[in-house]
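I opened this model to look up a few things about its helices and its core. My entries follow in the order I made them.

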Amino acid sequence: MTPPVECPFEAEVLAAVLQGWWPQRAAAGLRTHVAGCPVCAGVVAVGTALLEDRRHLRSAAVLPNAGRVWWLAQTRARRDAAAAANRAIDLGIGAALLGAAAVAWAFLPVQEWIVGLAGRIGPGGLPIVAAALLVLIFLPAAACLAFSRD
Ligand SMILES: [Zn+2]
């Protein structure tokens, strides 16, 4: 014969255990039933263990200081706002670099003029003109990149 696996009083017994009524404030009839029912006795054993575990966890839990929680929230809000502002600045820097590249692309047709200018300067004129153009075009872009890292 197999022992019963369910009992109609299971839920009632479990509720009494988990709400802390067991056994003092439980009905006398329910206590008598649990004394003779192996299913409800098991429910009492498991429920009592769960209740003790919950009490232990509650006593061991440490709540953080409210001031610290507020300070961390403020710090995070400031950091998020700064990140959002930096995204807009990075977008502007990207647009500026794109504009600088467009200007450099526009200067390609004047390459002959540059070579002519270098020829008028002298034999070492081309490196001088090229260096001057590089400084004029890439120095502002490099400055933008350097200051955007701050
Ligand atoms: Zn039972």
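I started with E52 and found it in helix α3. The model is a predicted one, and I kept that in mind throughout.

Next I looked at how α3 sits against α1. Helix α1 covers residues 10–18 and helix α3 covers residues 38–60. I noted that their axes come within 9 Å and cross at roughly 25°. α1 is therefore roughly parallel to α3, since angles under 35 degrees count as such. The crossing of the two is right-handed.

Which residues make this contact? On the α1 side I listed E10, V13, L14, V17 and L18. On the α3 side I listed V39, C40, V43, V44, G47, T48, L50, L51 and R54. By type, the residues of this contact are 10 nonpolar, 2 polar and 2 charged.

Then I turned to the largest nonpolar core, which has 13 residues. V13, W22, V34, C40 and V44 have the most contacts inside it. Helices α1, α2 (28–36) and α3 each supply at least two residues of this core. The largest share comes from α3, with 4 residues.

Last, I looked up what C40 touches. Leaving out residues up to four places away in sequence, C40 touches C7, F9, E10, V13, H33 and V34.

Conventions:
Residues are numbered from 1 along each chain as its sequence is written. This is a predicted model: local features need pLDDT of at least 70, side-chain atom pairs count only at pLDDT 80 or more; totals for chains, interfaces and linings use all residues. Side-chain values use heavy atoms; hydrogens and water are left out. Axes are lines fitted to C-alpha atoms, for helices over the stretch in contact, and angles run from 0 to 180 degrees between N-to-C directions. Angles under 35 degrees count as roughly parallel, over 145 as roughly antiparallel, 65 to 115 as roughly perpendicular and the rest as oblique. A crossing is left-handed if the near helix is turned anticlockwise from the far one by less than a right angle, and right-handed if clockwise. Contact means heavy atoms within 4.5 Å. Ala, Val, Leu, Ile, Met, Phe, Trp, Tyr, Cys and Pro count as nonpolar, Asp, Glu, Lys and Arg as charged, and the others, Gly among them, as polar. A nonpolar core is a set of buried Ala, Val, Leu, Ile, Met, Phe, Trp, Tyr and Cys residues joined through side-chain atoms within 4.5 Å. Buried means under 20% relative accessible area, exposed over 50%, partly exposed in between (1.4 Å probe, protein chains only).
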